[in-house]
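Please read it alongside the sequence and the coordinates.

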Amino acid sequence: MKIALIGHGKMGKETERVALGEGETVCAVYDSEHLFDAAAAAGVDVCIDFSTAEATLGHMKSAAGAGIDIVVGTTGWYSQLDEVRELFTQSALLYANNFSIGMNVFYRIVREAAALIKPLSDYDPYVLEHHNRDKEDRPSGTALKLGEILLDGIGRKQRIEVGVPMEGVSEDALQIVSVRAGSVPGSHTIGFESEADTIELHHASKNRTGFAMGALVASRWVRGRQGVYTMDDVDR
């Protein structure tokens, strides 16, 4: 598989390392000094984008215009998803807020847990996430996805409240609290708190390898398709 990497930060470099280790070919690497050129990338099988929210929409438009499949791990652009869906008629986009295979299993576990908690009104859900000090988005896209799963599954929570409020949390709010410290790749805890006990589900990434491996799984799966997909569509 011939890959063009867009973004060469920590995730881009780890994806390159894992891809080469698995015998794939990295044909081109684009970053802030070497901007993505869809015409030059026309010979690749797939682009993998770990760039920035400001740039990734342009990358997707360029890839779609050139008929190139693209896998996007960048978040912060989802409000434009309807516009993006209209672009991919001749090639495919697969996007995810978290490509880790373990986290995508964790999403399913949380869905099951939410269904079990739904009739138990004594249990109050929350999300706690911890990432490295350099991560800019707060909360993370993964934490928001987990919050949305809880909102959909439990029902009695109607909205997400981010951070620690100055006053009490309202009964219809699901609280997401973010910690930014150290070099942690990513840690997420789902809690269900009652007067009698606490139930916690926890996922912790040890390094970025799992994210890179998931991006490669997605890249292999998306080839030859048309349309827009997520990791929920991938056969693992």
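What follows goes from the whole chain to its sheet, its cores, its salt bridges and a single residue.

## Basis of the description

This is a predicted model, in which local features need pLDDT of at least 70 and side-chain atom pairs count only at pLDDT 80 or more, while totals for chains, interfaces and linings use all residues. Residues are numbered from 1 along each chain as its sequence is written, and side-chain values use heavy atoms, with hydrogens and water left out.

## The chain as a whole

The protein chain has six helices and 11 strands, these elements being DSSP runs (H or I of at least four residues for helices, E of at least two for strands) numbered from the N terminus. Along the principal axes, the C-alpha atoms fill a box of roughly 60 × 35 × 35 Å.

Of the 236 residues, 48% count as buried, where buried means under 20% relative accessible area, exposed over 50% and partly exposed in between, with a 1.4 Å probe and protein chains only. Among contacts (heavy atoms within 4.5 Å) with a separation of 6 or more, 65% come from residues 24 or more positions apart.

Five strands form an open sheet in the order 7-8-6-9-10, with mixed pairing; two strands are taken to pair if DSSP finds at least two bridges between them. Strand 7 (159-162) and strand 10 (198-205) are the edges, and each has a single partner strand, so one side of each is left without a neighbour in the sheet. On average, neighbouring strands of this sheet are turned by 20° against each other, direction ignored.

Strand 7 and strand 8 (residues 173-180) run parallel and are joined by four bridges, with Ile-160 standing opposite Leu-174 in strand 8. Helix 4 (residues 101-117) lies across strand 9 (186-193) and strand 10, running at about 170° to strand 10; such angles run from 0 to 180 degrees between N-to-C directions, with axes fitted to C-alpha atoms, for helices over the stretch in contact.

## Nonpolar cores

A nonpolar core is a set of buried Ala, Val, Leu, Ile, Met, Phe, Trp, Tyr and Cys residues joined through side-chain atoms within 4.5 Å. The largest one has 25 residues, of which Ile-3, Ile-48, Val-71, Leu-94, Phe-99 and Val-222 touch the most other members. Two or more residues each come from strand 1 (2-6), helix 1 (10-21), strand 3 (46-49), strand 5 (92-95) and helix 6 (209-222), and helix 6 gives the largest share, seven residues.

Beyond its neighbours within four places in sequence, Leu-94 has contacts that include Val-71, Phe-99, Trp-221, Val-222 and Met-231. A second, separate core of 23 residues includes Ala-28, Leu-57, Ile-68 and Val-84.

## Salt bridges

The whole structure holds 11 salt bridges, each defined by a side-chain nitrogen of Lys or Arg within 4 Å of a carboxyl oxygen of Asp or Glu. Lys-10 and Asp-134 meet in one of them, at 3.8 Å from N to O. This pair links distant parts of the chain, 124 residues apart, with Lys-10 in helix 1 and Asp-134 in the loop between strand 6 (124-131) and helix 5 (141-154). Asp-134 is exposed, its relative accessible area being 53%.

In the salt bridge between Glu-22 and Arg-220, the closest N and O atoms are 2.5 Å apart. Because Glu-22 lies in the loop between helix 1 and strand 2 (25-30) and Arg-220 in helix 6, the pair ties together parts that are 198 residues apart in sequence. Glu-22, at 38% relative accessible area, is partly exposed, and Arg-220 is partly exposed at 37%. Glu-22, Glu-24 and Arg-220 are linked in a network of salt bridges.

## Val-29 in strand 2

Val-29 is found in strand 2 and counts as partly exposed at 28% relative accessibility. Leaving aside neighbours within four places in sequence, Val-29 is in contact with Leu-5, His-8, Glu-16 and His-34.
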